[in-house]
Amino acid sequence: MSMNDRDYEEKRNFIRMTMNATAKLTVNGNKAIEVTCIDLSAGGMTIQSTEAIAPGTSIQVNIESPNAQFRSMNAKGEVLRCETAESGRYDLGIQLDSIS
C-alpha cells in the first residue's frame with residue numbers, strides 16, 4: 001500500500017522525529033534550494049525554506065549524511081501546505097511518495 005492510499009488519521013499516527021538538518025530541495029526536477037528539515041516521519045516531513053512553494057508542486061529532498069557509515073537520504077514527494085513562519089521563512093508540509 002502506498003502512502004497515498006492511507007487515510008488521514010493513519011498518516012497522523014506516525015511518530016515524528018525532530019531534526020535540524022540542512023537539506024537540498026529540488027523543485028520540479030530543476031531548481032535547487034537549500035532548506036532545513038524540521039521533522040521527519042514515515043509519510044512526510046516539515047521543511048523550512050526561504051522561498052514559498054505552491055501546494056501540489058513535485059519535489060525531491062536530499063539530506064547528506066554527516067557520517068560515512070550511513071547513506072544520505074533521498075526522498076520524492078509533493079508539497080501539501082506552505083505557511084509563513086514567524087521568522088519570515090516558509091514552513092512546507094511535504095507528503096513523501098518514496099525514500100531511498
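A residue is termed buried when its relative accessible area is under 20%, exposed when over 50%, and partly exposed in between, with a 1.4 Å probe and protein chains only. The model is predicted, so that local features need pLDDT of at least 70 and side-chain atom pairs count only at pLDDT 80 or more, whereas totals for chains, interfaces and linings use all residues. Residues are numbered from 1 along each chain as its sequence is written, and side-chain values use heavy atoms, with hydrogens and water left out.

Helices (H or I, at least four residues) and strands (E, at least two) are DSSP runs numbered from the N terminus, and two strands pair if DSSP finds at least two bridges between them. Six strands form a closed barrel in the order S1-S2-S3-S6-S5-S4, with antiparallel pairing. On average, neighbouring strands of this sheet are turned by 45° against each other, direction ignored; axes are lines fitted to C-alpha atoms, for helices over the stretch in contact, and angles run from 0 to 180 degrees between N-to-C directions.

Strand S1 (residues 17-27) and strand S2 (residues 31-40) run antiparallel and are joined by nine bridges. Within this pair, Ala21 stands opposite Cys37 of S2. Three residues lie between the strands in the hairpin of S1 and S2, where Asn28 takes a positive phi near 50°. S1 also pairs with strand S4 (residues 58-63), in the antiparallel sense and over four bridges; Leu25 has Val61 as its bridge partner in S4.

S3 is joined to strand S6 (residues 90-99) by six bridges, and the two run antiparallel. Gln95 in S6 is the bridge partner of Gly44. Ser49 belongs to strand S3 (residues 44-49) and is buried, its relative accessible area being 0%. A polar atom of the Ser49 side chain lies 2.9 Å from the backbone nitrogen of Glu51. With contact taken as heavy atoms within 4.5 Å, and residues up to four places away in sequence not counted, Ser49 touches Ile33, Val35, Arg89, Tyr90 and Leu92.

Leu92 is located in strand S6. Leu92 is buried, with a relative accessible area of 0%. Residues up to four places away in sequence again being left out, the residues that Leu92 touches are Leu25, Met45, Thr46, Ile47, Ser49, Ile53, Arg81 and Cys82. The C-alpha atoms of Leu92 and Cys82 are 4.6 Å apart in space, although these residues are 10 residues apart in sequence.

How values were computed:
Polar contact = N/O pair within 3.5 Å; in protein donor to acceptor, adjacent residues only side chain to side chain.
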